[in-house]
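Dear colleague,

I am handing over a structure that you have not worked with before, and I would be glad if you read the notes below with the model open beside them.

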Amino acid sequence: MDIFERINKDEGGPLGQYRARGHGYFTFPKLEGEIAPRMRFNGHEVLCWSLNNYLGLANHPEIRKIDAEAAARWGLAYPMGSRMMSGQTALHERLERELAEFEQKEDAFLFNFGYQGIVSTIDALVNRHDVIVYDSEAHACLIDGCRLHMGKRMVYPHNDIEKCEKTIQRALKVCEETGGGVLLITEGVYGMTGALGILDQIVALKKKYQFRILIDDAHGFGVMGPHGRGTSEHFGVMDGIDLYIGAYAKSMAIIGGFVAGPKSIINYLRYNLRSQIYAKSLPMPIVEGCLKRLEIIRGPEGDRLREKLWTVTRALQNGFRERGFDIGLAQACVTPVFIHGTVPQATNMLVDLRENYNLFCSVVVYPVVPKGVIMFRIIPTAAHSLEDVEYTLNAFSEAKKKLDAGEYDGDNIQDRAIM
């Protein structure tokens, strides 16, 4: 069969199946205007809870100023070529030094994109003799990195430390035969549920077994811990994490990421990360902008912004729990609101929230979350106010009453909104 013919007969995959009715509204929606708690959607202003702008840096005046000045000074082309060939600069090296110092590691290496950087890091670290052990709810980028692995990979149930230990034991037995080692991969913050990875318990296992730990802390970097160094700082186990991966897209509100760890390993990765060796270097305005963002994150203003973020987060999460909503084990800022109903009911509820309550958040279904799970994903930021929280809690309470009364049964609401 012709490849295109097969694709045209397919429903579109787990997500693509929704494209016929959902494109432009449920999927690929367009939020317009300045990045802020209030933006425009579908022709009207909405209170937005869907931006990974944790510290509110996207429109911070100093950030906007340095971004504009750096773009004018350097343009978007410089430096040309990959880091290895012709894209190395003193500012790239400075950002790496400052990130390594902030994460209390010997060295760091920049990623052009967090997703590709993580995939490539996993690919570079392990060979066919090694075994990867990973959490069942690991992010797609971690799963894709594991798929590239030519050796064995073993998964343990989400945050189950007993099963994790047994999986490490099984992996080590395999390594006795292959001569390889074990790489354990987990997350600091799980970006859909807001649950924290059990880093302290995993690090404690290193006293009994020989393995290395890599964490993806995209949602923890800049936010978690007393100084924003991440989830490993929150748990007091920074020294026990062998490789720390942070992303700029959440707390820094810009493209890119980095990996930090021992100098010898980072130097190895510099020469073996295919996604960086064969890709253009990060443009200078992004590098200079990241330096300013890091300066704010590790300074007094960063402390103030984190305090504001956590004030908003706690008010939101406590409010949902007090009103009887199921938000799971959310401990970080990401706040899921689980809906026990059908997909049509959830989409109708979402339309009502967006169109009649002017409240914008995302509804998440499989394959982003496990089958059978329907959740609204709410992301508080330091730019939100307690008044925003109160309005949102009241809107969800009213919507929940409608859901329980059967007002969201059927497809009429979503048809009307998309038309």
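Predicted model: local features only at pLDDT ≥ 70, side-chain atom pairs only at ≥ 80, totals over all residues.

Asp 67 belongs to helix α4 (residues 61-74) and Arg 293 to helix α13 (residues 284-297), so the pair ties together parts that are 226 residues apart in sequence. Asp 67 counts as partly exposed, at 23% relative accessibility, whereas Arg 293 is buried, with a relative accessible area of 2%.

Helices α4 and α13 are also linked by Arg 73 and Glu 288, which are 215 residues apart, and the closest N and O atoms of this salt bridge are 2.3 Å apart. Here Arg 73 is partly exposed at 46% relative accessibility, while Glu 288 is buried at 14%.

A further salt bridge joins Arg 270 to Glu 96, with the closest N and O atoms 3.2 Å apart; Arg 270 lies in helix α11 (residues 263-270) and Glu 96 in helix α5 (residues 90-102), 174 residues apart. Both residues, Arg 270 and Glu 96, are buried, and they belong to a network of salt bridges that also links Arg 83, Asp 107 and Lys 263. The structure holds 24 salt bridges.

Turning to helix packing, α15 (residues 343-355) and α16 (residues 386-404) pack at an angle of about 140°, their axes being 11 Å apart, which makes α15 oblique to α16. The residues in contact include Met 349 and Leu 353 of α15 and Phe 396 and Leu 403 of α16, and by class the contact has 6 nonpolar, 1 polar and 3 charged residues.

Key: Residues numbered from 1 in each chain as written. Heavy atoms only, no water. Axes fitted to C-alpha atoms, helices over the stretch in contact; angles between N-to-C directions. Helix = DSSP H or I, 4+ residues; strand = E, 2+ residues; numbered from the N terminus. Parallel < 35°, antiparallel > 145°, perpendicular 65-115°, else oblique. Contact = heavy atoms within 4.5 Å. Nonpolar A, V, L, I, M, F, W, Y, C, P; charged D, E, K, R; others polar. Salt bridge = Lys/Arg side-chain N within 4 Å of Asp/Glu carboxyl O. Buried < 20%, exposed > 50% of the residue type's maximum accessible area, 1.4 Å probe, protein only.
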